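Reader: I am new to this structure and would like a close look at a single part of it. Please take one side chain and describe its surroundings.

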Amino acid sequence: GQKMQLKQELFNRRKKRSRVRLRRLGGGRPRLSVFRSGKHIYAQVIDDLAGRTLAAASTVDKDLRADVKSGAGIEAAKKVGAAIAKIAKDKSINAVVFNRNGFLFHGRVKAVAEGAREAGLQF
């Protein structure tokens, strides 16, 4: 219905807003983008200049799945953060800009950030 459309519209607007601001701020650093769904959480490191994904990790990944009870928990999110940081570091990416993608920086989204920071990604 109309309400859902509005919700989506606002979400997309927030998404765009944070992306534009990050592009200005990030100065060519890749963007660590977080996406949260009901059952899972996903993280990607994206190079906006080349428009390609450099690294991706999520609770759907086999190696992470064995590790966690549910893909939706904070614990899982933290592991995704750590995993993405590790993949990024293997590709010698040390600094990123965090893109909360219209989600509030809280809970699971925040946990991904913390996991990544602890694993040594800078942002």
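Author: A polar atom of the Lys91 side chain lies 2.7 Å from the backbone oxygen of Leu54; a polar contact is a pair of N or O atoms within 3.5 Å, where within protein one must be able to donate a hydrogen and the other to accept it, and residues adjacent in sequence count only if both atoms are side-chain atoms. This is a predicted model, in which local features need pLDDT of at least 70 and side-chain atom pairs count only at pLDDT 80 or more, while totals for chains, interfaces and linings use all residues. Residues are numbered from 1 along each chain as its sequence is written, and side-chain values use heavy atoms, with hydrogens and water left out.

Lys91 sits in the loop between α3 (74-90) and β4; helices (H or I, at least four residues) and strands (E, at least two) are DSSP runs, numbered from the N terminus. With a relative accessible area of 47%, Lys91 is partly exposed, since buried means under 20%, exposed over 50% and partly exposed in between (1.4 Å probe, protein chains only). Ala55 is 36 residues from Lys91 along the chain, and their C-alpha atoms are separated by 8.5 Å.

After α1 comes Gly27, with a positive phi near 50°.
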